[in-house]
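Here is a short note for a colleague opening this entry. Please read the numbered points with the model in view.

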Amino acid sequence: MAKAPIQVVWFKRDLRIHDHTPLSNAAAAGPVLPVFAIEPEQWQAPDSALRHWQFAADSLADLSQALGTLGLPLCLWQGSMLDLLAALKAHYGEIALHSHEETGNAWSFARDLDVKSWCQQHETPWHEARQHGVVRGLKSRVADLNAWEKQWETLMTAPTATAPQNAQAAQGWQAFHHIDVKHLHGLTLGFDTTPCPERQQGGRSEGRAVWRSFVNQRGRRYRGSLSKPLLAWEFGSRLSPHLAWGTLSMREVVQSLRRQRKKHAEDTAWTRSMRAFASRLHWHCHFIQKLESEPSIEHQTLHPALRGLRERGQTGVPLVDACMRSLIATGWINFRMRAMLISHATFGLGLHWYEPALHLARLFTDFEPGIHYPQVQMQAGATGTNALWVYNPIKQAEDNDPSGEFVARWVPELTTLPLEWRAKPWALPEILRQRFGFQPGVNYPIPNDFECEARHWKKMLYELRRTPDAREASQAIVDKLARQRKPPAQRAKKAKPAHRQQLSLFVEGQ
Ligand SMILES: Cc1cc2nc3c(=O)[nH]c(=O)nc-3n(C[C@H](O)[C@H](O)[C@H](O)COP(=O)(O)OP(=O)(O)OC[C@H]3O[C@@H](n4cnc5c(N)ncnc54)[C@H](O)[C@@H]3O)c2cc1C
């Protein structure tokens, strides 16, 4: 009888054994070889950083242990995936490849195309399974948004894949195993090495613990805490790096959420919070779909009229500095502050969105290209379609850090000042400067006139967007990437479903 081909399971951003369709399918087909390729080019990309690697390394250690319980190894190869495939093919003869689909950055897309053509040339089947509600190669979601929602629902309600209990391990895997999992943290791969002392831990066990504490306890205060950097730290789900690295599957989170919601059905605060949270799980896939449908979002300003506009600058704004210092130390900041940082960088400082996007990508442990680049362009007003939201950091401090506790924690040089002056210390009157021993420009930098700068860019963008050509281009973007407004007659009176609210930002004029 002919030997079954070796079933190579390629782990990517799906570092778990539970609800892992490629692993389950591979185990049913023959001897399994689970691999993770540490590809130098991936880690040298300008949006890669040590904190991403550390999170991945935690998760790989956890994955290796979990695979061990199934009697399977985790083969850690250092080098390109193409070289690994060639080496496996030479050694084993017949192989089959199993993985999840990935919507990553331009580099991972090009790598996947190379892998696809290698597989075709070498008659190696490559079975890709879906793990998010993203539809591969879809050029426009708008044509049939209902169908898109329906397929999301179908995928999320399908039974989760169970970890295979009778898997047979492929022999001879050690020949391709380059590094012991214990030494992963010591690898230097050429990425940005800014330390992140309060980084979230990776690994499925940690992801499950974070989820349990959210859905059983912390989640009740979710809705009221979202915009506030201190409260969101505690009452946000904090699942983002786990979803980005796939230590938890989106489907298991959706299904677990629906089970838990029933428990709290009588409690309005829980119900509202869980509804708001559930909507974010939709946004996750909606945003990644944008990058899947329009990969140039990663590099090129979406709207043609708005390309090549901005220049460089400096900051000295307390809430902005507090956010940046907190982000550097912890690898995480809440949504509103992320939006404000991009808004300040682009409108307040006049920077082009791309450099700040790379800088923030390196600082977010949860960096997910499909969410990150579309969000950055949207907050920078570069989509040319959604309403311009320019966040003033002084107002944001008043609204979302009214006690000044967050700024005090991260910008301690301002704590000698009374609260009312901490959001704009440069404006401290002369008499108070002496009283508090505080000299703007000496004790803390004086910022540029960011309010004036923001007015300038906002006006410029409005004018650019009003030209007939720009309007036409906006419509083309809406047609391709945004939710289309239904004609008035079809618009029901009832409230928009929560999971669509953010998308409406992409609709012109709203
Ligand atoms: C400029 C900018 C860049 C961003 N870059 C990233 C990124 O690289 N990776 C990332 O995961 N999120 C990104 N976000 C979205 C959002 O800020 C984070 O997902 C959220 O703060 C993570 O915290 P949490 O897990 O507690 O989120 P929760 O509020 O608990 O939400 C649960 C999950 O839903 C998804 N989600 C939440 N908000 C959004 C949103 N607005 N759009 C799409 N998906 C969402 C995330 O997967 C998140 O983990 C970005 C937002 C902005 C404004």
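How many helices and strands does the secondary structure of the protein come to?

1. The secondary structure comes to 22 helices and five strands. Both are DSSP runs numbered from the N terminus, helices being H or I with at least four residues and strands E with at least two. This is a predicted model, in which local features need pLDDT of at least 70 and side-chain atom pairs count only at pLDDT 80 or more, while totals for chains, interfaces and linings use all residues. Residues are numbered from 1 along each chain as its sequence is written, and side-chain values use heavy atoms, with hydrogens and water left out.

2. Of the 510 residues in the protein, 56% are buried (under 20% relative accessible area, with a 1.4 Å probe and protein chains only). Among contacts (heavy atoms within 4.5 Å) between residues at least 6 apart in sequence, 80% join residues at least 24 apart.

3. The largest nonpolar core contains 43 residues, and Leu319, Cys323, Met340 and Leu341 have the most contacts inside it. Such a core is a set of buried Ala, Val, Leu, Ile, Met, Phe, Trp, Tyr and Cys residues joined through side-chain atoms within 4.5 Å. At least two of its residues come from each of H13 (318-330), H14, H15 (354-363), H16, H17 (393-400) and H18 (405-410). H13 gives the most, with seven residues.

4. Leaving aside neighbours within four places in sequence, Met340 is in contact with Leu319, Val320, Cys323, Tyr391, Pro393 and Gln396. A second, separate core has 33 residues, including Ile17, Ala26, Leu184 and Ala244.

5. How do H14 and H16 cross? The axes of H14 (residues 335-348) and H16 (residues 369-379) come within 8 Å and cross at roughly 55 degrees. Axes are lines fitted to C-alpha atoms, for helices over the stretch in contact, and angles run from 0 to 180 degrees between N-to-C directions. Phe335, Ala339, Ile342, Ser343 and Phe347 in H14 meet Gln375, Val376 and Gln379 in H16. By class, this contact has five nonpolar, three polar and no charged residues (Ala, Val, Leu, Ile, Met, Phe, Trp, Tyr, Cys and Pro count as nonpolar, Asp, Glu, Lys and Arg as charged, the others as polar).

6. H15 also meets H16: Ala357, Leu358, Leu360 and Ala361 in H15 touch His372, Tyr373 and Val376 in H16. Six of these residues are nonpolar, one is polar and none is charged.

Technical notes. Buried means under 20% relative accessible area, exposed over 50%, partly exposed in between (1.4 Å probe, protein chains only).
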